[in-house]
Each structure stands twice: as structure tokens, then as C-alpha cells.
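Please look over the structure shown here before reading on.

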Amino acid sequence: MQISRRDLIKLSVSAGAALSNPSILRARAASAGTREVRLALDSVPSVFDPHITTSADAQWHGMAIYDSLFAFDSKQVARPQMIGNWGVSEDRLTYTFALRDGLGFHDGTPVTAADCVASIRRWGAAVPGGKLLMERTKDVSKKDDKTFTIVLREPFELLIDALAVPIQFLAVMRERDANLPPTQQVTANIGSGPFKFNHALAKPGASFTYDRNEKYVPRSEAPDALAGGKIAKVDRAIWENISDQQTAVAALQAGEIDLLLTCPPDFYSAIEGDPNLQLQTVLEGGYNVFARVNFLQPPFDNAKARQALLHLVDQDAFLKVMAPDPRYTHPVTSMFGNGSPYSNDENTGWYKKGGDPEKARQLFKDAGYAGEKVVILDSTDWAQGDVSAQLLASELKKIGINAELAPSDWAGIVARRSNKGPIEGGGWNILISSWPNGAYSDPIGISLLQATGDKAWFGWPKNDEYEQLRAKWADVATDERKALARKMQHLWWDMVGCVFLGQVVSPSARRKTLTGVISNEFGVCPMWNMEKA
């Protein structure tokens with residue numbers, strides 16, 4: 001009798017449940033009597049400041065311990081969160097905000113308008129949408145302990161949306177923390193959100209523990225994506241880092257963890273066949289995985305070499321290795337992602353099923369490629385990124401490119417990707433990363449879609465004509481934005497701001513005893529509202 005690979009996986013999961021990580025079992029025994037949930041998310045944070053990094057783990061951490069002034073609901077409408085009342089003057093230049101009652105930091109001090117002002121200024125110096133807002137802002141100041149104003153030089157109709165952006169979100173910090181420059185990480189981890197960071201139980205690289213903030217006063221509205229009432233329904237949430245996928249699934253089956261955020265595709269049938277488990281698409285819309293090149297170093301300082309990658313990549317091939325189940329994958333050809341009001345087909349003639357390796361080979365030749373090493377950062381603890389890096393290296397080698405993988409965990413990638421120097425100095429040529437599909441509809445708020453050179457996101461593209469168009473985004477109505485989007489996309493694919501590898505919607509796996517997990521399209525796994533029977 002032949003045993004299929006899938007059968008072997010099922011057998012190994014069953015065996016793994018009995019032999020899974022004993023440290024998890026010990027931890028569960030130690031916390032007996034505490035209502036807790038254990039979450040195996042994609043990684044644990046190495047940077048804890050949501051203002052200064054786009055890493056998803058830093059955003060999830062930040063949303064647990066910090067609160068925000070506004071937040072998006074499931075219809076992408078910005079709703080008040082810490083704000084009780086707000087208004088705007090007739091000339092639409094002065095916005096006045098009043099904090100709601102009951103807001104306090106985890107150290108026992110009240111949240112004041114001064115904290116909000118300092119947080120806005122710090123965030124505005126670090127984040128693309130915040131920078132644009134501050135360029136148009138005359139003053140941000142407090143009126144009294146609970147009221148502050150933003151006075152503009154000119155109308156900025158996207159102001160409230162900017163304050164609600166979910167990636168590098170405007171986490172409200174204590175004034176003394178927010179007074180630190182955005183070049184210096186805030187490490188106090190003291191916010192006013194529904195969970196408190198447990199410093200004593202922190203195990204960097206392994207697990208982090210969050211305790212319910214008993215003094216948190218949630219909004220009265222029902223939770224809706226990132227908006228509404230943030231009610232912590234458990235005493236403790238423990239964020240585990242289980243890098244081995246088989247061990248993670250075994251731990252889920254054994255009840256040692258309650259949620260596996262990204263379920264490996266090979267285990268879908270095992271999860272669906274287990275009466276105690278259920279698949280749920282927590283990260284609706286999934287992530288668009290892409291390759292970002294270093295514009296500052298050869299060979300990709302030449303546009304023809306960047307265009308070669310566009311023609312080389314066969315998205316279907318990448319999607320098959322990232323997520324073999326076609327129910328959860330889609331190609332991406334628009335810089336605005338899939339399903340956005342601004343998604344379009346402008347300047348997408350490069351897209352071809354199967355790719356065009358001969359065209360890519362010629363473009364590298366036209367770029368003057370002379371055999372220099374091309375280093376691809378390879379995140380070994382992110383499965384989709386790992387297999388994508390390996391496939392890209394293989395495809396490059398087939399057309400004569402001297403591709404080399406630089407493997408490390410994601411924390412290592414985060415540390416290395418900021419190096420603008422040459423390969424010999426620890427630099428890089430290609431970075432594999434991803435962004436929530438829903439984020440691409442906002443070219444003001446998403447760092448990836450900047451082309452501001454040294455001030456841009458890693459890779460540092462520069463295109464002044466494109467930036468002039470992007471700056472107009474906040475000043476035009478939706479219909480006009482659609483026309484503007486086509487002009488922007490034409491320039492984006494000319495300069496090759498990124499190379500999409502495909503959209504992957506990865507379902508999560510959870511125990512049926514865990515309910516209230518909030519699905520959303522913002523790439524966030526909220527810890528609030530989770531309830532365990």
C-alpha cells in the first residue's frame with residue numbers, strides 16, 4: 001500500500017501531539033486557574049515601537065497595549081476610539097478633539113491631551129501619512145487636559161483617515177515616551193490599551209505575555225474590525241513563537257495552544273477533519289507577497305535590471321509553492337492590490353503566465369549585468385518568504401544571474417534590511433516581504449508606495465514625478481483618484497517599485513473552544529474580544 005505525503009503529515013501530527021514541546025505544557029500547568037489564551041502568531045516582535053517599524057508583529061503588539069484616537073471598522077470607515085467628541089471649523093482648517101472619560105495608562109497616570117499632542121508629533125515625523133499631514137499642519141496643541149486641536153495651513157480631507165491608519169498606527173504614548181525622537185525606540189511598553197505587557201514573563205524570541213488591563217474602559221459600541229469596544233475577555237494572552245510548523249499544529253491538536261494564525265497548507269485537511277478544530281480566515285484579504293530590490297546598489301540601480309524581474313516572475317509558480325490550495329491565492333498586477341476601487345490595468349503588459357525568462361535575460365544584459373553577486377534576504381522562519389526566496393534564486397540562476405541566499409530569522413532580516421551599503425558591507429539586493437492587500441488602496445498611508453529616495457521604505461526608490469502625483473491624492477475626490485491612480489501606476493511599473501509574487505489568503509486554525517476572534521482585512525490579529533470556553 002502506498003502512503004501519500006498528506007497521509008504521512010497526518011500521522012506525524014498525531015505523533016507530534018504526544019511529543020510536543022514540554023515547555024508549553026509546563027507553562028500551562030504553571031498558569032492553572034488563570035483564564036488565558038495561547039496564540040502561535042507568525043513571529044514574535046524584536047522591535048516594540050509601532051511608530052518606527054512596519055513589521056506586523058510590532059503592530060499586533062502595539063494594538064494590544066496602546067490605544068488609538070481613531071480606528072477603521074469593517075467598512076474602512078474611521079471611527080472614534082479614544083476620542084469622545086470632535087469637530088471641524090467652517091473653513092476646515094481647525095479640528096478640535098475631546099478625549100472620552102476613563103482613559104488611563106498602565107502606570108496609573110491619566111491620559112491627557114498633552115500625551116496625544118506629543119504622540120501625534122512623533123508619529124507625524126515617522127510615518128508617510130503622518131509626514132504629509134504635518135507638512136500641512138500649522139500647529140498641534142492642547143487646549144486643556146482633555147482637549148487638543150490640529151490647525152492646518154490648508155484643508156486636508158483625509159485627516160481623520162490618516163489618524164486611523166492601521167499600519168504604523170498612531171499609538172498614543174505617555175508624553176515622556178512620545179518625546180523620544182522616532183530614531184530612538186520606545187521600550188517602556190506602557191500604554192493605555194486593553195492589555196498590559198508583562199515584563200516579568202517576557203522571553204525574547206520565545207514568548208511574550210499580556211495581562212488584562214482591569215482598569216480599561218472600552219467603548220460602548222460592538223467590536224467591528226479595529227473599531228468599537230475593545231473588551232479583554234481573558235485574564236491573559238500568551239504569544240508563543242513556535243517556528244516548526246508540525247510542532248505548532250501538534251500543539252493546537254493537543255490543546256496546548258488555542259490559535260495558529262497561519263495554518264500551513266499541508267495541514268488544512270487535518271484541521272478540517274478534527275472535530276475540535278476549525279479554520280477561520282482571520283486575516284481577510286490576506287497578504288500580497290512581493291520582492292523589493294535595493295535601488296541604491298547594482299545591478300538594480302539600473303531600471304532595466306528591475307524590469308527584468310517583472311518579466312522573470314511567474315506568479316502562478318510562486319503561488320503554488322507558497323499556498324498550493326488555489327482557493328486561497330490570486331495573482332496581483334495592480335500597485336493598488338486586488339479589489340480596491342483604484343485597482344487598474346495600466347502599464348501591466350509585463351504580466352504573462354509562465355513569465356518570460358528570455359526577456360528577463362535580455363534586460364539584464366541591456367542593464368550591463370556582469371556577473372556580480374545578487375543577495376536575496378531569506379527569512380527561514382516565515383515559510384512563504386522562505387520558499388519564495390528559494391524559488392526566486394533558482395529562477396535567477398537559470399538565466400545566468402549569480403544569485404545567493406542570505407538565510408536568517410525574521411529578526412535578522414529586520415536588522416539587515418536597513419543597510420544601504422554594498423554587499424561587501426552587509427548590504428543586500430532583494431528583500432521578500434508582504435503587506436495586507438487592503439492597505440494598498442491608501443498610497444498616502446502605506447510606506448511601500450513611497451518613492452522618496454533615502455526617506456522611502458527599504459529599497460529606497462526615488463521618482464519625483466511619481467511623488468508629485470502621490471501628493472495630490474489627499475486633495476481629489478474618489479472619481480478623480482481613479483484617474484490619478486492610473487497615472488501613478490504607469491510610473492510605478494516603469495520604475496518597478498516592487499515585484500509582486502502573488503496574493504495569499506492564509507486561513508488560521510483555532511480550537512472551537514476559542515471564540516470571538518475578530519477577522520479583518522488590515523493584517524491584524526486583535527487580542528481583545530477573544531473568549532475561551
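The questions and answers that follow take up several helices and a cavity in turn.

This is a predicted model, in which local features need pLDDT of at least 70 and side-chain atom pairs count only at pLDDT 80 or more, while totals for chains, interfaces and linings use all residues. Residues are numbered from 1 along each chain as its sequence is written, and side-chain values use heavy atoms, with hydrogens and water left out.

Q: Is Gln489 buried or exposed?
A: Gln489 is found in helix H16, residues 478-495, where helices (H or I, at least four residues) and strands (E, at least two) are DSSP runs numbered from the N terminus. A residue is called buried under 20% relative accessible area, exposed over 50% and partly exposed in between, with a 1.4 Å probe and protein chains only. Because its relative accessibility is 0%, Gln489 counts as buried.

Q: Which elements do the buried residues of H16 pack against?
A: The buried residues of H16 include Arg481, Leu484, Trp492 and Trp493. Contact here means heavy atoms within 4.5 Å. The elements against which the buried residues of H16 pack are strand E13 (287-293), helix H10 (303-312), helix H15 (464-471) and strand E18 (499-504).

Q: Which residues of helix H11 are buried, and why are they said to line one face?
A: In helix H11 (residues 315-322), the buried residues are Gln315, Phe318, Leu319 and Met322. Their directions, taken from the helix axis to the C-beta atoms, fall within an arc of 100 degrees, so these buried residues line one face of H11. As a general rule, an α-helix has 3.6 residues a turn, so residues three or four places apart point the same way. The buried residues asked for are therefore Gln315, Phe318, Leu319 and Met322, on one face of the helix.

Q: Which residues are exposed on the other side of H12?
A: In helix H12 (residues 357-366), Ala360, Leu363 and Phe364 are buried. They cover an arc of only 100 degrees around the axis, which puts them on the same side of H12. These buried residues pack against H10 and H13, whereas the exposed residues on the other side of H12 are Glu358 and Lys365.

Q: Which residues is Ala64 in contact with, leaving aside its neighbours within four places in sequence?
A: Ala64 lies in helix H3, residues 56-65, and is buried, with a relative accessible area of 2%. Leaving aside neighbours within four places in sequence, the residues in contact with Ala64 are Gly193, Pro194, Phe195, Tyr210 and Met527.

Q: How much space lies in the largest cavity?
A: On a 1 Å grid over the protein atoms alone, a cavity is a set of points where a 1.4 Å probe fits but cannot get out, and lining residues have an atom within 4 Å of a point. Grid points are joined across faces, edges and corners, and a volume is the space filled by probe spheres set on the points. A search of the whole structure finds three cavities of 30 Å³ or more, and the space in the largest cavity is about 100 Å³.

Q: Which strand gives the largest share of the lining of the largest cavity?
A: The largest cavity is lined by 15 residues, with Met63, Ser68, Phe70, Ala71 and Phe169 nearest its centre. The largest share of this lining, three residues, comes from strand E2.

Methods. 1 Å grid on protein atoms, 1.4 Å probe; cavity = no way out; pocket = protein on both sides within 12 Å on 5 of 7 lines; lining within 4 Å.
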